[in-house]
Amino acid sequence: MKTRPVYIAGSARIPFYKSMTKYKDISTQELMTAALEILVRKMNLQDKIVGDSAFGALMNSSSNWNLARESVLGTSLNPHSPAYTLQRACGTSLEATLQIALKISNHQIQNGLAGGVDTNSDLPIMLRRSLAKKLLALNTAKDFKSKLKIIASLRPSDFKPEYPSIVEPRTQLSMGQHCEKMVKEWGITREEQDALAFTSHENTIKAYNEGFYADLAYEWMGSKRDGTPRADTSMEKLSKLTPAFDRTGTGTLTAGNSSPLTDGAAAVYLTCEETAREFNHPLLARFVDAEVAAVDFVHGEGLLMGPTIAVSELLKRNHLNLQDFDIYEIHEAFAGQVLCTLKAWESADYCKRVLKRDTPLGPIDRSKMNIKGGSIALGHPFAATGARIVGALAKMLYQNKKGRGLISICTAGGMGVAAILEAVG
């Protein structure tokens, strides 16, 4: 099948806020629709048919099974624009970007939208399975006596709601608990984690003050900026926070060096060169390639080490070294997770044993990493983070007029998603 280059032509998101604050009364669909409509108007796509759209959410309810299509119908896009919903944990919107890019590359569509949303303020609270089974039986009971028998079997415990828990079903450990295991294994110190977290806030505040986010994070509900960056943070303040996941005296992950539970939505617009020319859309960056991978965390491999493999395989296929990049966007689920990843790439043993390489990938220039801030400061609405990163990286490459950027995202379920973007020459 003949292929062609695919470009990021624009992105938009609403400001991110800590869960149960600014958006506590706003639904998941409303957040996604808001970010999407902003992007539609930014790219002058009102009343136009877009080839396809892919959006997703982790904290999604069964009533939102058609989230993507309903979000599209809630915008000024032509209603003949199709859309589908997908999910790959925290890599959801990067996966969505990849899928739309593949469709454009293969001449199946001319343009498309990708993104994601999450809000822990609109959690899908479920019925207990015992109650659900009895209600289904009650619905299909043939006579009054049978119905009465089912009603009589109901117990107070049946009515206790089940709240979604952000733990791995196979280990019953949270992501933070898994990351505590990782930092102990790799010898990552509390001071190193706090330093990375401090830099995340410092870079974010600097980027905002420079106006970098003015055409990326748009005003919505009276806010023009994310609610999570802290201009007043310091190493001293970070050092005083207590461990959040391991309280035995050996824990090092805190609320300060971990990404906060966040509500928000983001979207990106992709196109081919012909369509961009037709509608006068800019070509910010080329979406070059992407890779997904997974680790066997159930049997001891680090839950959040999936990106080490994804990046390694991506580099092999594109005949690149880890140092062949001008910008690194490494998702900061936890500062410790980023530091474990960097240390693994430098480890000869890990690269030989896990990545099947004769020599280690080596270090990166940390001054090129997350230079406009990261998830610790900006927040992490799970399924929105990939689109947030793609949009920001595309803008940086466009401003630089040259260069190559690497994206690395860890996800629940022991997976990793990586991608390469290049400036348009």
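Analyst: Happy to! A salt bridge is a side-chain nitrogen of Lys or Arg within 4 Å of a carboxyl oxygen of Asp or Glu. The structure holds 23 salt bridges. Please keep in mind that this is a predicted model, where local features need pLDDT of at least 70, side-chain atom pairs count only at pLDDT 80 or more, and totals for chains, interfaces and linings use all residues. Residues are numbered from 1 along each chain as its sequence is written, and side-chain values use heavy atoms, with hydrogens and water left out.

User: Why is the contact between R13 and D226 called a salt bridge?

Analyst: The N to O distance between the side chains of R13 and D226 is 2.6 Å, and the cut-off is 4 Å, so the pair qualifies.

User: What makes R13 and D226 a tie between separate parts of the sequence?

Analyst: R13 lies in strand β1 (residues 7-13), while D226 is in the loop between α7 (190-209) and α8 (235-239), so the pair ties together parts that are 213 residues apart in sequence. Helices (H or I, at least four residues) and strands (E, at least two) are DSSP runs, numbered from the N terminus.

User: How do you know whether R13 and D226 are buried or exposed?

Analyst: Buried means under 20% relative accessible area, exposed over 50%, and partly exposed in between (1.4 Å probe, protein chains only). R13 has 3% relative accessibility, so R13 counts as buried. D226, at 8%, counts as buried too.

User: What is the separation of K184 and E180 along helix α6?

Analyst: K184 and E180 are four residues apart in helix α6 (residues 175-186), so about one helical turn separates them. Their side chains meet in a salt bridge at 3.0 Å, N to O. K184 is partly exposed at 41% relative accessibility, whereas E180 is buried at 3%. E180, K184 and D246 are linked in a network of salt bridges.

User: How do you know that R317 and D289 form a salt bridge?

Analyst: Their closest N and O atoms are 2.8 Å apart. This pair links distant parts of the chain, with R317 in helix α10 (residues 306-318) and D289 in strand β7 (residues 285-294), 28 residues apart. R317 counts as partly exposed at 41% relative accessibility, and D289 as buried at 17%.

User: And how many disulfides are there?

Analyst: Zero, from a search of the whole structure. A disulfide is a pair of cysteine sulfur atoms within 2.5 Å. For C410, the nearest cysteine sulfur, that of C90, is 6.5 Å away, and C410 is in no disulfide. C410 is buried, with a relative accessible area of 1%, and C272 is buried at 0%.
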